[in-house]
Amino acid sequence: MSQPSSSSDPDTPESESESSNILEKPLNNGKKMSEANGEAHGLDDYIQMGGYVLLVCLAAELLILPQVSSMFYMMYAGAAPRVLSCDNTVFDSQLEGKEICFEIDRIGNCSHPNFQYQFKSINVEYNYFCDTSKLVKNSISIQMIGVLTGSIVFGQISDSFGRKIGTQFASIGMFIGWLIVVQSRNLLHFTVSRTILGFFTGGSVSVINVFIMENIPKKHRMWINMAITWSPNMPIYSLFAWIAGDWKTLAYINAFVCLPGFFFFQFFIHESPRWLVTKGKISEAVQVLKRQLKTSNQLHLIHDDLEDNLNMEYAKTVKQNTRKTKFSYYHLFVTPRLAMTTIVLAYSYWATSIINYGVLFNMEKLSGSIYWNSVYTGLMRYACNLSFGWADLKFKRIGRKFIHTSGLVIIFISLSVVVACYALHMNHEMKDIIRISILLASSMTSQIYIADGIVANELFPTPIRTIGYSFIQTWNRVGVADYWLALPFCCMIFFSLIDTFSFECLLPETKGRHLVEHMPPRHEWWFGAGKLDKIIEEEEDVGEELRPLEA
């Protein structure tokens, strides 16, 4: 084909309108032709259930286990021991841990405490208990800064350099981070090393969820995300912790589990075709799609118009006048709809995380075994996940909103029971009911996280998809004050109610919708629209990419 030429000035309004028509005609005609023949014409039509999707699911599981190992590590490594006696004072075995600490404050100094613990945490190793154990909780908060920073940085890395590069970089960083953690000699060294590790963990979480959504069929997004998630890995990690018995051995195990996912991803998984198309790498996207369809035995979807269809998708990016834009976090707020989506989802993550991490990082305060409590939580989560995943696939009326809201309703009821027990001073008699209610509330957070993540990926356009998911992840680690035993649960109920109404009223239902591939046109932006770029470019590389359309 010949090099495209343009004799008019593309900066003039007339030329801009003419250029838009050039793109519109082939795009519309191509789409009608493909639909008439019953052939695939959009990226979603080439992503079909098959062998490659199964490889993506396996790769996701191998990468999720290291994430669970990192995020739940402090549930064991930061577990506060129970003080059995202090100097000459022996405490009643019926007292809760917090009540024992009140007694220690009353009697004054405790120079020779006698501990009881299920896992040798850093609290035991460095003698942190009661008031001093809050230093370890503060350490967890600092470690979360690394997770938040990693989510932000890797969101930009993923959208700029690719999903695969971002994932592999994060996996190697996690492996090295664990080797640094085991060298810690005090709480300060431990906190610094865990913060570095958290940076790469946050990056892995922010990238892999977007990658999964871009490589699975839209019909199967919910149940796959419900099946391939953190929940089934919680019992596995509990087994790792039980075998390890102490925080150093567990750190070595965590380092080892980072390696299988890295090598599997390197040799069996390709870059996301959606990202390649957005970046204008059409030839590479065509080759990746052909390899994926060959793995899935679906070569019948490959037609002569495959490259033309991908060029059409890329042409939309050019037409939207955003191809040359370097997207950043402020682009999440450039239109009213994007701003509303970002705010509602960020709040939902924030409110849910108060419940989730408030329970997980204080699991040792619940009655029963710290290991079995984690197992029960994981199994309860997974049972709910599979049930709702099946319902989403079976019933058209059950969508993202139903799954999100039903989880919050159960959380509201469960936490109301806990608050009532404390308000009526029945926390000792009803300790098993309190335990079950708290674990149930924590279990429901899994489906809320998944629903939020799916909605985020379905509403954020491809150019800012990882950035958007990374941003809402930054609101994922928050705690509450410690004034009354039931106060945290009251806060959880209040924030859950706001989450319920905002998600229901301010976001659309996204079940069955195609992923949004392109940013809104600049004329809809609140700010940052700037001067319009050229729609048809003269550079050789863009000319090559648009030639099939102009032909």
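Me: How are H3 and H8 oriented to each other: roughly parallel, roughly antiparallel or oblique?
Reply: In this predicted model, the axes of helix H3, residues 51-71, and helix H8, residues 163-181, cross at roughly 40°. H3 and H8 are therefore oblique to each other.

Me: Within what distance do the axes of H3 and H8 come?
Reply: The two axes come within 11 Å. The crossing of H3 and H8 is left-handed.

Me: Which residues make that contact between H3 and H8?
Reply: On the H3 side they are Leu-63, Pro-66, Gln-67, Ser-69 and Ser-70. H8 contributes Thr-167, Ser-171, Met-174 and Trp-178.

Me: And what classes do the residues of that contact fall into?
Reply: The contact of H3 with H8 has 4 nonpolar and 5 polar residues, with no charged ones.

Me: Staying with H8, how is it placed against H12, roughly parallel or roughly antiparallel?
Reply: The axes of H8 and helix H12, residues 247-256, cross at roughly 165° and come within 8 Å. That angle makes H8 roughly antiparallel to H12.

Me: Is that crossing left-handed or right-handed?
Reply: H8 and H12 cross in a left-handed manner.

Me: Which residues touch there?
Reply: From H8 the contact takes Phe-175, Trp-178, Leu-179 and Val-181. From H12 it takes Trp-247, Ala-251, Asn-254 and Ala-255. Trp-178 of H8 also takes part in the contact with H3.

Me: How many of the residues between H8 and H12 are nonpolar?
Reply: The contact of H8 with H12 counts 7 nonpolar residues and 1 polar residue, and no charged residues.

Me: Moving on to H19 and H20, what is their arrangement?
Reply: Helix H19 spans residues 400-423 and helix H20 spans residues 431-459. Their axes come within 8 Å and cross at roughly 155°, which makes H19 roughly antiparallel to H20. H19 passes H20 in a left-handed crossing.

Me: What is the make-up of the contact of H19 with H20 by class?
Reply: It comprises 19 nonpolar, 7 polar and 3 charged residues.

Me: New topic: how many cavities of 30 Å³ or more are there?
Reply: A search of the whole structure finds 5 of them. The second largest cavity holds about 70 Å³ of space.

Me: What lines the second largest cavity?
Reply: The lining consists of Tyr-46, Ile-47, Gln-48, Tyr-52, Val-53, Asn-215, Gln-292, Leu-293, Ser-296 and Gln-298. H3 and helix H15, residues 282-295, are the elements that each give two or more residues to this lining.

Me: How do the residues of that lining divide by class?
Reply: The lining of the second largest cavity has 5 nonpolar and 5 polar residues, and no charged ones.

Conventions:
Residues are numbered from 1 along each chain as its sequence is written. This is a predicted model: local features need pLDDT of at least 70, side-chain atom pairs count only at pLDDT 80 or more; totals for chains, interfaces and linings use all residues. Side-chain values use heavy atoms; hydrogens and water are left out. Axes are lines fitted to C-alpha atoms, for helices over the stretch in contact, and angles run from 0 to 180 degrees between N-to-C directions. Helices (H or I, at least four residues) and strands (E, at least two) are DSSP runs, numbered from the N terminus. Angles under 35 degrees count as roughly parallel, over 145 as roughly antiparallel, 65 to 115 as roughly perpendicular and the rest as oblique. A crossing is left-handed if the near helix is turned anticlockwise from the far one by less than a right angle, and right-handed if clockwise. Contact means heavy atoms within 4.5 Å. Ala, Val, Leu, Ile, Met, Phe, Trp, Tyr, Cys and Pro count as nonpolar, Asp, Glu, Lys and Arg as charged, and the others, Gly among them, as polar. On a 1 Å grid over the protein atoms alone, a cavity is a set of points where a 1.4 Å probe fits but cannot get out, and a pocket is an open set with protein on both sides within 12 Å along at least five of seven lines; lining residues have an atom within 4 Å of a point. Grid points are joined across faces, edges and corners, and a volume is the space filled by probe spheres set on the points.
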